[in-house]
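Here's a structure worth a slow walk-through. Have a look at the whole thing before we get into the details.

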Protein chains: 2
Amino acid sequence: MPEKKRLTKLPTIRRMPMYLRMLNKVLSDGMQHVSSNYLAEELDLEAIVVRKDLAVVGILGKPRVGFEVKPAIEAIEQFMNFNSPTDAVLVGAGHLGQALLGYSGFVKFGLNIVAAFDSNPDVIGTTLYDKPVYPMSEFTQRCEVNNIQIGILSVPGKYAQEVADMMVSAGLKGIWNFTPRKLNVPPEVVVQREDLAEGLAELSVKLSRMGQE
Amino acid sequence: MPEKKRLTKLPTIRRMPMYLRMLNKVLSDGMQHVSSNYLAEELDLEAIVVRKDLAVVGILGKPRVGFEVKPAIEAIEQFMNFNSPTDAVLVGAGHLGQALLGYSGFVKFGLNIVAAFDSNPDVIGTTLYDKPVYPMSEFTQRCEVNNIQIGILSVPGKYAQEVADMMVSAGLKGIWNFTPRKLNVPPEVVVQREDLAEGLAELSVKLSRMGQE
DNA sequence: TTTTATTCGATACTATGATATCGATATTGA
DNA sequence: TCAATATCGATATCATAGTATCGAATAAAA
């Protein structure tokens, strides 16, 4: 039996949504082929990076012609599991939570948010962007019944671990963590941290470097 | 004259907000010293990474004791320009825009959002989280008068370039771009892309790997 | 006072990711 | 039909980031 542990580098994976967006745009523009050069130009990358990334998902280009757009899209979707959407719930329908609920673009990347949970009586029972908002007391039961895979965590930091524990015991497999807290979860549960301050820090330093060059 | 181009690695810079948060927590817990080991444990890092990162901002620990918390905080804030806040404006007060306006945490990382701009008459003239919302027609003038440095771009993708152009001509030095579009700007303007789909892609792949190991 | 344990920094090493080079191939146009 | 050119993939190289090892320093304990 061959090695099953497939190791694709992380930066490549993180670029896939970019490629997918651009390829769909290119397709809707009526182009059937596209060169790595063109993609690189449009996405601010190097052509060689594009070619290597596309090779990872199993598609090769033809000399002088480039890549077939439609197969490329399908290969990426397949590779990333984007066309078999995963059900998710969101906990914490505050500002950020609502922004995430309202962003319809995630479906294209395989994420299907089916409901939100909150502790605020004002929003419980309402729907936000077509998603029902339930009280926390119903969390476990609803997640189990609907076999929810992913939890989006957008509560205030002080409740982060508490809610994460609930997510784990409700059988969720992954947590998309928008709080700036480390979560203690069993090793089989995947946590994806999201911290806007990181990008801000990067911007800040780049700006101050600009000044002195 | 010595080399002025200071190269600090990006991952280090992106970790600074984490350190700052944790050091402040540690300080408010009354601790005066903290070991790299402790920080690493709390932040899911390796101790050696913590030590090297702190060395970058110019603070060294003492054997057997660790790092002095207060000087460490000050060193990071100094290094990152966090205590001389930069004025910013936000364009596009939709769901995401409002979430960003409502997040008070950015001030600690040197970002001071002073106003928002939008084209929607329903929000123009109101205040959102204490920030006034102005019409786009006033953008250039207000930015110039107040010497705004950073623009936060959270409009629908189709308007991204157009607004970016306005930002450039209003003299902004950096753009924090939350749209999934590449922006064409002159080289002296810094663009920081923020794409939530990247994190989602990473989560998605990690999850699917979990299944088969 | 001496020993022990902890934590540090410096150096060296490893892994990962990006880039440069180059020959091969297919389409276009002469 | 044949030459020119754009584009590809493979291989090798380089840059960046993370990790391991080890001696030195300091505080606490004996």
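Let's start with what counts as touching: two residues are in contact if their C-beta atoms, placed from the backbone, lie within 7 Å. Bear in mind, too, that this is a predicted model.

How do the two chains sit relative to each other?

Now for the contact surface itself. On the chain B side, 49 residues are in contact with 49 residues of chain A. Several elements of chain B give two or more residues to this side: helices H1 (10–28), H2 (36–43), H5 (95–102) and H8 (196–211), along with strands E8 and E9 (190–193). H8(B) makes the largest share, with 14 residues. By residue type, this side of chain B splits into 22 nonpolar, 11 polar and 16 charged.

E8(B) is a handy way into the sheet. This strand, residues 174–177, runs parallel to E7(B) and is joined to E7(B) by 4 bridges; Ile150(B) has Gly174(B) as its bridge partner there. To get from E7(B) to E8(B), the chain crosses through helix H7 (residues 160–169) of chain B, and this β-α-β crossover is right-handed. E7(B) also runs parallel to strand E3 (residues 86–91) of chain B, again with 4 bridges, and Val91(B) is partnered with Leu153(B). As for its faces, E7(B) (residues 150–153) is covered on both: Ile150(B) and Ile152(B) are buried on one side, and Gly151(B) and Leu153(B) are buried on the other.

For a contrast, hop over to chain A and find helix H3 (residues 47–56), whose buried residues are Val50(A), Asp53(A) and Leu54(A). Looking down the axis of H3(A), you'd see these buried residues fall within an arc of 95 degrees, so they line one face of the helix. An α-helix has 3.6 residues a turn, so residues three or four places apart point the same way. What do the buried residues of H3(A) pack against? Their neighbours are helices H1 (10–28), H2 (36–43) and H4 (69–80) and strand E2 (67–68) of chain A. Turned away from that buried side, the other face of H3(A) carries the exposed residues Ile48(A) and Ala55(A). Just after H3(A), Gly58(A) takes a positive phi of about 95 degrees.

Conventions: Residues numbered from 1 in each chain as written. Chains lettered and ligands numbered in written order. Predicted model: local features only at pLDDT ≥ 70, side-chain atom pairs only at ≥ 80, totals over all residues. Buried ≥ 20, exposed ≤ 12 C-beta atoms within 10 Å, placed from the backbone. Pairing = 2+ DSSP bridges. Right-handed = clockwise from strand over helix to strand, strands pointing away. Nonpolar A, V, L, I, M, F, W, Y, C, P; charged D, E, K, R; others polar. Arc of directions from axis to C-beta.
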